[in-house]
Amino acid sequence: MSVIDILTRVDAICKKYEKYDVERLNGDNVAGDDAFARLYASVDLDVESALQKAETASQEKNRAAVVALNAEIRRTKARLLEEVPKLQRLALKKNIAFCEIFLYQVKGLSKEELSTRNDLVLALPDRIQSIPDGSTNGAKATGSWTASASRTEIRFDSTSDGRFESEYFQQTEESNQFRQEYEMRKMKQDQGLDIISEGLDTLQNMAHDMNEELDRQVPLMDEIDSKVDKATSDLKNTNVRLKETVNQLRSSRNFCIDIILLCIILGIAAYLYNVLKK
Amino acid sequence: MGFFYCRTKLSFTRWNADWKNATALYEQAAVGYRFKKENEKAKEAFEKASKGQEMISSPWDAAKHMESAASLAKELGHWNEVSDFYRKASELYRECGRSQPASDALGKGASALEDTNPDEAVRLYIDACEILEEDGKEQMAFDLYRAATSTYVKLERYTDAATLLLRWGVAADKCNAVNSQCKAYLSAIIIYLYMHDFQQAQKCYNDCSQVGAFLSSDQGRCARKLLSAYEEGDIEEIKRLAQPSPITHLDHVIIKLARKLPTGDLKELEKEEDKETLDENDLT
């Protein structure tokens, strides 16, 4: 048999024999019979969960998440504080057993139990208040202003404590500093932007002037273009004619004739020289 | 030079003056004299050479010689000769049908005469601009307009300067040089304000606003602000407006004027306006 099969069989068997589970029934009915105990149990549960949330909040790095968690905790606290008076009323009442099937479940309230319940109820508001929700760090807030990166969160859900007034005062100091810094930075940015805009104006003016200058030079370039074209064609013509002329001058037939005539003249000169020498 | 002289003078054996050779010889003589720095003689030689070229109907060379003669006259300091020679040279260029060198010659003459005879210089500038405008080459005239305007301002003839600037605006309009046009209009308005003639400045602004490009340009906006600051009599505002661009992009002569704004008493302007309102009240 595989594990899964075993688990399913165990579940089926447990379900079948649920009604014989004394402890659980006891737990349920104890809570079910007693309205006070029920409410108290739920309030207790909420307080525990709020404490857990506070722990996660204190360890959380993300400021937005911290703010969200603290807001939840505060809301829970407010709700629980509203339940506290109900609990107090219930604590004073005598308990009446609803279910008569389980005879040993019928409870009457003994005096000790009454007093314990009262104590529990009285202790409850303190417990609720003591859940850390991010608003109890008023004392250390002024110390944390040396680091300018950290800022205290904007508080919307602050419960109506007596501490509200003093915290508010501290907040305005911090927000004043913040506002001052913001103004200074804004002024510096404005100055920088002014300088940039001046530079851009100069650039724009220069660009416009360059544009006009180029427009001015376009027809001149066209003129130069046509004139240079004419000059090159003239040169080509001249070159061709010159080539023809030079070829004519240097043609080999003329050259041979020149050499022959030169030899003839030298021969005649030599002949004359010989004749005269005699 | 006497040698050349006898070549041209008609004599018994010579029926036609031999201008060609004479011109060549004159040119040689002129170059020689210039080299030796005998400017007077060189100038005369250039004149005669130019006349010779004219006679053999080559106006281009004639004009060139005339220009050389004129520059020598400038060095000698014969100012009326300078203007005459340059004008003659420009006419010869126009005979060739080349307007650009013609206006260049006049421009050179004008810049030579700026210090000594500024009226003549201005006239030369304006003639040069007209030559170019006839030929449709307004683009080249911008420099001439600029020089002429600065001469007028130096002479403190501000109305003339403003009129010339408006003409410059027209020329710029024809060749679609929007930036120059707006700058010319803004300069004209500033000159009117400098003359403390607020009505004239207003009128000028209204006229120039007909041109759409000016109305929507930086220069138009600056003019609007200036005029409204004048109306309110706000001296600080005027001084503040004169600092940054677009006034800094104008000609430096105009910038100097703009820095001196506001001239005179702004209260006078206000009083004039008040008087007008009182009159209206009397009528009604």
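This is a predicted model: local features need pLDDT of at least 70, side-chain atom pairs count only at pLDDT 80 or more; totals for chains, interfaces and linings use all residues.
Let's start with chain A. Chain A has eight helices and zero strands, and along the sequence these follow the pattern α-α-α-α-α-α-α-α. Of its 278 residues, 15% are buried. The accessible surface of chain A is about 22,000 Å², with 61% of that area supplied by carbon and sulfur atoms. Among contacts in chain A between residues at least 6 apart in sequence, 72% join residues at least 24 apart.

Chain B is also built without strands: the count is 16 helices and zero strands. Buried residues account for 48% of the 284 residues in chain B. For contacts in chain B with a separation of 6 or more, residues 24 or more positions apart make up 56%.

## A salt bridge in chain A

Over all chains, the count of salt bridges comes to 22. One of them pairs the side chains of Asp46(A) and Arg79(A), at 3.6 Å from N to O.

How accessible are the two partners? Asp46(A) is partly exposed, at a relative accessible area of 22%. Arg79(A) is partly exposed too, with 38% relative accessibility.

## Salt bridges in chain B

Turning to chain B, the side chains of Arg94(B) and Glu134(B) form a salt bridge with an N to O distance of 3.2 Å. This pair links distant parts of the chain, 40 residues apart: Arg94(B) sits in helix 5 (residues 79-96) of chain B, and Glu134(B) in helix 7 (residues 118-134) of chain B. Arg94(B) is partly exposed, at 42% relative accessible area, whereas Glu134(B) is exposed, at 62%.

Another salt bridge joins the side chains of Asp119(B) and Arg157(B), with 2.8 Å from N to O. Asp119(B) is in helix 7 of chain B, while Arg157(B) is in the loop between helix 8 (141-155) and helix 9 (158-174) of chain B, so the pair ties together parts that are 38 residues apart in sequence. Both partners are partly exposed: Asp119(B) has a relative accessible area of 35%, and Arg157(B) has 31%. Elsewhere in chain B, Glu40(B), Lys43(B), Glu47(B) and Glu81(B) are joined into one network by salt bridges that share partners.

## Where the chains meet

Now for the interface. In all, 13 residues of chain B are in contact with 11 residues of chain A. Together the chains bury about 1,000 Å², and 41% of that area lies on carbon and sulfur atoms.

On the side of chain B that touches chain A, helix 8 and helix 10 (178-194) each supply at least two residues. Helix 10 of chain B gives the most to this side, with four residues.

Arg216(A) is found in helix 7 of chain A. Is Arg216(A) buried or exposed? At 11% relative accessibility, Arg216(A) counts as buried, because the cut-off for buried is under 20%. Leaving aside neighbours within four places in sequence, Arg216(A) is in contact with Gln139(B), Met140(B), Phe142(B) and Asp143(B).

Ile196(A) is found in helix 7 (residues 164-249) of chain A as well. Along with Leu193(A), Leu200(A), Leu203(A), Met206(A) and Met210(A), Ile196(A) makes a nonpolar surface patch of about 620 Å².

Technical notes: Residues are numbered from 1 along each chain as its sequence is written. Chains are lettered from A and ligands numbered from 1 in the order in which they are written. Side-chain values use heavy atoms; hydrogens and water are left out. A salt bridge is a side-chain nitrogen of Lys or Arg within 4 Å of a carboxyl oxygen of Asp or Glu. Buried means under 20% relative accessible area, exposed over 50%, partly exposed in between (1.4 Å probe, protein chains only). Patches are made of residues with over 30% relative accessible area and no salt bridge: like charges are joined within 9 Å, nonpolar side chains (Val, Leu, Ile, Met, Phe, Trp, Tyr) within 5 Å. Accessible areas come from the Shrake-Rupley method with a 1.4 Å probe; for residues, only the protein chains shown count as cover. Contact means heavy atoms within 4.5 Å. Buried area is the accessible area (1.4 Å probe) that two parts lose on being put together, summed over both.
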